[in-house]
Amino acid sequence: MGREFIFLAFSLFALGSATVTEFGKLLGQFPANSDHDVAGTIYVVDETTIWVRGFSYDGAAPDAFFYGGDTPNPSENGVIIPDELGTTMKLGMYDDQNLILTLPTGKTITDFKWISIWCRLVGANFGHVDVPSDFAAPAMVSLGELMLNPIVHGTRADDVIVLNTRQFKFINLEYDGRGPAAYFWVDQGTNPSTSGKRVPHEDDRGGDRLPMYDGATVIVTLPEGETVTDYGNIGLWCEAARQNFGHVVIPSDLVVPPYMSNTVGSDNCKVLVEDKFHIGWTVDEANDKITLEFIGVVDIREYMAFGISGSDSGTSMFNSDVTVVFIDSDNRPKSADYFLNAYSQCTVNNGVGACPDILQGGTDDVVLQGGFIRNGVTRITVERPLNTSDTNDKDIPLDASTFISWGIGDINPTGHVSKHDIRADGNVEVNFGTPSSKCPNLVAPRPGDGNIEAWEIEPLVLSPDEAVTAHIGPSGGAQGYKAIADQVGWGIAWYINGQLVPEITVKRNYTYTFNIYGGNDDSQLATYHPFYITSDKDGGFAQKTDQEKMGETIYAEPVVGDLCEYEGSSNPDAFDNFEDFKASLTLVCPDSSSPGTLTWFVELDTPDVVYYQCYQHRYFGWKINVSGATSAVCQLSLIVFLASLAIFNLF
């Protein structure tokens, strides 16, 4: 606590009457000599986040929490403030630790009159900090539009926002890129000059002049040790021409959130994917436990998986023991213990595929500690034993390197993992018993508009005279099946006449033929894909419960044939269109392969929309539009005809 107090005193001296520090706006300190050795200083990061620095507590009370309320003094009439891991478990022991806490959903700092370490069981306040009635939390500040009159090199931005003590965001920035030596520029006066300096931006590779911007959102970050209040203006400046392309003034009295990096909090760390996925760990050998910290730039319902390889001689997803974590649609962290016993999606009925241990007769030995998303970076912490008695789990050795496996992908609508979009490349080893270096900061890229356009896939209008062919192939990443069908797939899908899940149109009262190359060995479920036509847009009849099956109508029974599959190693997200992606694929068929033949007569009472799918797995196919007169229309036409005939006979 002494070090924290010295720094606090220095900060207040340096800032005069201001109480804004690199940790946020000072709220106060827990009183000296508080019960249970409670100590520390609370700073407010923004209206929903506090930073407790140098926090200590002996952990001996039976039911103590961070607690906030709006009564005049601390009392039981308050709410639990989740701990640094996002949980509401009672507090353990802390010794001079720094904690970032997010207030409960719907609460802001001004909703509270105090923050306490409160024991519910005995109704005791172990120490608290008051929240003044006029307290104003740090917040982002708009500096307004950037534009000179007249405009130079087309330079303008709708707004420049001060995000925190080190970062600015340019909104809808436009610049023609033609300046000979233009840079983001800060200066200490209210107008830019040659005495200013360059500021690197997020895409800067080291001294590059600015590229063209066409409505871009760009974040620039001041170097470590500098803050936004060190300068009086920011904008775009050309060094060669010594010309201002446009700037905004930075007020001197800003109260903005502190800059918060995303360094790993674990003792050890390994970069699995640069700028994408880090894994941290802390070993508690005395208690036979390891804490894993997953840090990734991933979306909601996009999982991170990490664990011990299925092979002792290399990295293998098959038979691997992994922990899967993700943030769900309600912003809650989730974790599960998985064993990957087959290269297929999880079949819930029998636990075959990429399934949680609990569906395979095992136990979930992973304990979720907490998780959150901050500044676009997801952090989820779990704990598991180094050695378990579960036959699906693999021991984590501390005396040698071990091969690991990992992957990133989407959680499908059933709540299980879909096929990975990114996975371990080559053999990857980790020595969990040897100290490892820290990982670099993980920073999320600037957000796009959030809209991913699906590849244009040409619809197929089928002719009764021509058979169509169904193969298996990759589902095409973010622009493929996921965007076309607006749901997460497994990673492979149907290709009809060489097109990825096209919409099909047929007519009632006609017969159509499909040649099926989906695999016919039901002992290898990963490559067994019977083709059928159904009322259910998800398919996977074989996976369903008896009750679910009652709600599905099958219009063409499943048919199997030899497996022919489009294969390739290219990242589908690197292609702007399906044609280019397909050109990177190769159709692989066994020698003398033969299809299964599905013959479908489209009855008059067939609904306007049905689906072609895989009978064994969900999320493989797409839509069939059914046109032509229905049985009801035909019956009505017959009635009208007979009535007309009767009237004719009367005359």
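The model is predicted; local features need pLDDT of at least 70, side-chain atom pairs count only at pLDDT 80 or more, and totals for chains, interfaces and linings use all residues. Residues are numbered from 1 along each chain as its sequence is written, and side-chain values use heavy atoms, with hydrogens and water left out.

The protein chain holds 5 helices and 44 strands. Helices (H or I, at least four residues) and strands (E, at least two) are DSSP runs, numbered from the N terminus. Of the 651 residues in the protein chain, 49% are buried. Buried means under 20% relative accessible area, exposed over 50%, and partly exposed in between, with a 1.4 Å probe and protein chains only. Contact means heavy atoms within 4.5 Å. Among contacts in the protein chain between residues at least 6 apart in sequence, 64% join residues at least 24 apart.

Two strands pair if DSSP finds at least two bridges between them. Strand β15 (residues 182-187) pairs with β16 over 2 bridges, in the antiparallel sense. Tryptophan 185 has arginine 198 in β16 as its bridge partner.

The largest nonpolar core has 56 residues, of which Trp494, Phe514, Phe531 and Trp600 touch the most other members. Strand β34 (residues 492-496) supplies the largest share of this core, 5 residues. A second, separate core contains 30 residues, including Phe184, Leu210, Tyr231 and Cys238. A nonpolar core is a set of buried Ala, Val, Leu, Ile, Met, Phe, Trp, Tyr and Cys residues joined through side-chain atoms within 4.5 Å.

Aromatic pairs number 28 in a search of the whole structure. Rings of Phe, Tyr and Trp (its six-membered ring) pair if their centres lie within 6.5 Å; planes under 30 degrees apart count as stacked, over 60 as edge-to-face and the rest as tilted. Phenylalanine 55 and phenylalanine 66 form a tilted pair, at 5.0 Å centre to centre and 45° between the planes. This pair links distant parts of the chain: phenylalanine 55 lies in strand β4 (residues 49-57) and phenylalanine 66 in strand β5 (residues 64-69), 11 residues apart. Phenylalanine 55 and phenylalanine 66 are both buried. The ring centres of phenylalanine 184 and tyrosine 213 are 6.3 Å apart and their planes stand at 45°, so this pair is tilted. Phenylalanine 184 belongs to strand β15 and tyrosine 213 to strand β17 (residues 213-221), 29 residues apart. Both of these residues, phenylalanine 184 and tyrosine 213, are buried. One aromatic cluster is formed by Phe277, Trp281, Phe294, Phe306, Trp406 and Phe432.

Charged side chains also meet rings. The charged end of lysine 25 sits over the ring of phenylalanine 135, 4.7 Å from its centre. For arginine 166, the charged end sits over the ring of tyrosine 259, 4.3 Å from its centre. A charge sits over a ring if NZ of Lys or CZ of Arg is within 6 Å of the ring centre and within 35 degrees of the ring normal.

Several loops carry local features. Asparagine 149 and proline 150 are joined by a cis peptide bond, with omega about 5°. Proline 150 lies in the loop between β11 (146-147) and β12 (156-157). Asparagine 319 has a positive phi, near 65°, in a residue other than glycine. Its loop runs between β23 (302-308) and β24 (321-327). Asparagine 319 counts as partly exposed, at 24% relative accessibility. Valine 501 also has a positive phi, near 30°. Valine 501 is in the loop between β35 (499-500) and β36 (504-507). Valine 501 counts as buried, at 1% relative accessibility.

Serine 418 is placed in the loop between β29 (402-410) and β30 (422-423). Serine 418 is buried, with a relative accessible area of 3%. A polar atom of its side chain lies 2.6 Å from the backbone oxygen of aspartate 410. Leaving aside neighbours within four places in sequence, serine 418 is in contact with Tyr303, Gly409, Asp410, Asn412, Val488, Gly489 and Trp490.

Conventions. A polar contact is a pair of N or O atoms within 3.5 Å; within protein, one must be able to donate a hydrogen and the other to accept it, and residues adjacent in sequence count only if both atoms are side-chain atoms.
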